[in-house]
Structure formats: C-alpha cells, structure tokens
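Let's take a friendly walk through this structure together. Have the sequence and the model open as you read.

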Amino acid sequence: MNTSDSSSSSSRDRELIAQLRQSLGMLQVAFDAASEAMVIVDVDRRIHWANQASADLFVGGVPIQLVNQTLADVLKLRPMDAHTKAALQLLDPQRPLPRTSGESRCQVLSPHGDESQVQLLRWRPVELIQSPFLLVSFRDLSPEERALVQQQRFMTDLTHELRTPLAIVSGNLQRIARLRALPEAVSSRLTMAREEMARIQKLLGHLSLLTRLEVDPDVVSSGDHILVPLLQRWYEASRELAPSLQLKGLERGDELVVQTDPRALMLALDQLLDNACQHANRSMPIQLSFAGSDGLDHCILEFASQSLDAPVASEDLERWSAPFVRGKPGQDGERVEGPGLGLALARELMRGCGGTLELHQKPSSEGTTTIVRLRLKVRTSNGSGAVAAAVRTDPA
Amino acid sequence: MSTPGAWTEDRIRALREKEDLPFVRADASGILQEINDRFKAVYGWSEAALIVQSLGLILPPSFRDSHHAGFARFQLTEVSKVLNHPLKLATFCSDGHAIESEHFIVAEKHSDGSWSFAATLRPLMESS
C-alpha cells in the first residue's frame, strides 16, 4: 500500500467513525427524549444503559451515574397488583432474567424509602447473541390511572374486609335453618335472609372481579379455542337452570377457532342467562345462536330473550350495561330491579378477551326481543388441520 | 439541562493548579491531549499509554458505552448534564482497578466551533 492509498484509507476510517458517532448520538438523543425512564440490565441486574428520565428518577439527573449499579442499589419496588412476584424477581440476581415481557403497577421507592408516584413497570427481554439483557421501563401513571389504581385497592380491601363477616353471618343462618320445628313465620324470614345473603355475596364477588378487570388486563388470559365445544359445554351445564334455553346455528361455526378465555366467556354467558331468567318471560325461549361473521376478524354470537314489555329507548338500553342501573317503575308502580352488575361484568369480560358486547332490542309479536350481541375475535386460519391440532379445548 | 459555561485558558490553569489535583484534557473527538504528573502518580498511567487515545480508556469498561453515547450526543446537541459540577465516577487505573473519584468537567467552544474538554479528578476511594 503506498502513501496515497494509506492516507485515503485513513480518511475513510475517520469519516466512518464520524458517521458511527453521529448515529450513536442520534440513538442516545432518541433514548433520552423518551418520557419513560428506561434502563438495560444484565443477568446480575447491573445497569448497562440508562436514559435521561431514569437518571432524573433515580440519581439526580446524570445517566452515567446509574451505570454499573444494580437495580436494587437504586430502587425498591412496592407492587400494587397481582404481579408482585414477577416484579420483585427483577431485583433478584439469584433469579434468571425473565424470558417473557411483563408489567406491573407499583410504587418505586428510593433506597432511603422515599416513594414515587404510582409507576407502570414494564420489562422486555433483549436477547443478544453474547448474553441476555432486560429492558426495564417505568412510566408515571396519569392522575386518572392513579385514581383507578386507588379505587381498585379500595374495592379489593373492602371486598376482603366484608367477606369474613358475611361468611360468619351466612354460616349462622345455615345453622339456624337446620334447627327443627321452627315456626313457619321464622322459617320464611330465614329463607329470605339466606337468599339476600347469597345475593350480597354474589354482588361482592362480581364487584371485585369487575374492578380487577377494569385495571388489570391480565385477569383474563386469552388463547385459541374451538368455539362449538365451549358453547356446548356451557349449554349442558346451564339448561337445568333454564329449561327454556336453546342453542342454535352451531353447524355454521363448526371448527371455528376463537381467541378467548373460556372461563371468562362462560362467566359472561352465565351473567346473560341470569339476567334473562330474572327479567325475561320465562315461558318463552332463551336462545344462544351462532350468527356468523362481521366480515372482518370477529364472529358473532347472539343471546336472545323475550319479554312482554315494549322496547326501551336506545339511551336506556345503553345504560343497562353500566353498573347498578335501576329499572323504571313497572305497570304496578313498583320500581323494577335493574340488571345490577351482570351486564357490566359480561361486557368487561368480553373486552378482556378482545371482543365486544352490544345490546339491541326489536319488537316481537308478543312484546320485545332483547338481543345481546357478542363479538369474539377469530383466529386467522393457517389450515384447518393445523388449527385443530394447535388449539386448546380445556377451559381450565 | 445545563449548558456549558465560559471556559478559558486561565480556567484550565486554575483547575490544573488547584490543590495539585489530577488533570486531563481532551479534544472535540474525546481524544486525550494532556495529563498532568499528579494524574500519572494517582492512576498509574503514562503519557505514552494515554495521549492521542480515547478518553474512554480512563473509565472502567462497563462505563464506556454510556460515555461514548453521551459524548456522541453532546456533539449533536451541545447540551450535557455532566459539566460544571462535581460528579462521582469511577476512574480506571493503568493496572486495571478503579478508583472512585470526584470529577469536575468543563468544556470550551472555540471560535471555529470545535470543543475542548478538561477535568480535575479528586480521588475518593478505591471502588474495585
């Protein structure tokens, strides 16, 4: 290589280094522009890379001062949801790095115990060839989200506190009911008290689940399932409770695979059936049918029940799926009981599965048909044989 | 973000002479141009080993990614959080161990638009 070649090569090297430096600088500018605090840690939980927001959150604003410290050196976590174990493992170098992404709502505390606002902690594996790393981010939740978290904590605490005394009252009522020769008036009041107690316990369970569904999407765990066996199983389990229940049109959905959590779907159908039994005309059929596809990526189930009443206004219908909506006075002037939490819970369960729930009404020859339309996400087929082999049919 | 304050040759001199502290100076590309005797005595480096080498050499290897990225970002934005205040950082010695030191880093923009950087280091304790 002569002097001229060498000089040209050296110039190209300098140009390349300048370009690489500019690229690195741009990446760091982007990393620092994020409002989320982000760090990248190794298996020992040592921080290799930290952005500006993480430095602001943990060490007074200089990112390089976070480098080489462990997560446990700079923070403590107080998880506020069901992912406590997974979140706390992030700080423990004795545990392997998580291989899947996850998130948890938590309070972040400095090693001195000062706590930050509620943060959404997220982690995501960064699988490099040499060794695994983990990207950990912290997002300050908005005031609305914080209020929701506080509401969830309140509801969780409340339902927990109420469960024990209610179980005691319920147990005592049961013991009294076993006594022989109770006067008929006492027995009748006792039966009423036990029914109301069962109702309170059911409401409490629904309220607790509804609150969790609103703030924690992981309560529902969707997977691929063949729809028809799920519906048949639910029908078999439910027709004793509602002899007028009918299942229709399943042949159109044969081998259709949907993305759902079977427990959530069945619980949602239970709520619809409860409501239908309570509010519809029991001498008329209650029908669950497969109504085809929406032409996009959802299939449609229709849950129909009949009543002798006239249809309600569309805005009233929409309110039915809000919690604790009270019904309007009936013909006898008595206020009709509303749908309670059932429709609200069913709607949240469907949302949790990636679907929707809508209410419709249409006049029928003898009154009104109320149709609850459920949209379930359909799995994109890659060959029916492969689909059938891949899906799970066990709802547990 | 803090912006670098005015930095003059007098200020370099003052830094260098202040309490006989270890001192380093680098050019716009982060290439070391000068180290003083005190720096050589405390951290064990020779001029032959460091001059015209990257400033990253006097940082422990685990800090170099962050240093290079921060340096590259400064060249694009001319904004830094490390300038003009004491900063506790590990300093890498020639024998491979690190000494926790208080760095005071300053920067000067020249009339041609290029930058120079200088720092005094106050050794605090050996960190590894």
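## Chain A at a glance

Among contacts in chain A between residues at least 6 apart in sequence, 60% join residues at least 24 apart; two residues are in contact if their C-beta atoms, placed from the backbone, lie within 7 Å. This is a predicted model, in which local features need pLDDT of at least 70, side-chain atom pairs count only at pLDDT 80 or more, and totals for chains, interfaces and linings use all residues. Residues are numbered from 1 along each chain as its sequence is written, while chains are lettered from A and ligands numbered from 1 in the order in which they are written.

Chain A holds 11 helices and 13 strands. Helices (H or I, at least four residues) and strands (E, at least two) are DSSP runs, numbered from the N terminus. Of the 396 residues in chain A, 27% are buried. A residue is buried if 20 or more other C-beta atoms lie within 10 Å of its own, exposed if 12 or fewer, and partly exposed in between.

## The open sheet

In which order do the six strands of the open sheet in chain A run? The order is 2-1-6-5-4-3, with antiparallel pairing; two strands pair if DSSP finds at least two bridges between them. Strand 2 (47–50) and strand 3 (76–79) of chain A are the edges, and each has a single partner strand, so one side of each has no neighbour in the sheet. From one strand to the next, the twist averages 35 degrees.

Strand 1 (residues 37–41) and strand 2 of chain A are joined by three bridges, and one pair to look up is Val39(A) with its bridge partner Ala50(A) in strand 2. Five residues lie between the strands of this hairpin, where Arg45(A) has a positive phi near 70 degrees. Elsewhere in the sheet, strand 4 (residues 102–109) and strand 5 (residues 115–127) of chain A pair over seven bridges. There, Arg105(A) faces Leu120(A) of strand 5.

## Two packed helices

Helix 7 (residues 227–238) and helix 8 (residues 262–279) of chain A pack at about 45 degrees, their axes 11 Å apart. That makes helix 7 of chain A oblique to helix 8 of chain A. Ala, Val, Leu, Ile, Met, Phe, Trp, Tyr, Cys and Pro count as nonpolar, Asp, Glu, Lys and Arg as charged, and the others, Gly among them, as polar.

## Positive phi in loops

Most residues other than glycine have a negative phi.

| Residue | Phi | Other C-beta atoms within 10 Å |
|---|---|---|
| Asn68(A) | near 80 degrees | 20 |
| Glu78(B) | about 55 degrees | 14 |

Asn68(A), in the loop between helix 2 (52–58) and helix 3 (71–74) of chain A, is buried. Glu78(B) sits between helix 4 (61–77) and strand 3 (86–92) of chain B and is partly exposed.

## Where the chains meet

The contact takes 18 residues from chain B and 16 residues from chain A. On the side of chain B that touches chain A, helix 4 and strand 3 of chain B each supply at least two residues. Helix 4 of chain B gives the most, with 13 residues. By class, that side of chain B has seven nonpolar, seven polar and four charged residues.

Note on methods:
Axes fitted to C-alpha atoms, helices over the stretch in contact; angles between N-to-C directions. Parallel < 35°, antiparallel > 145°, perpendicular 65-115°, else oblique.
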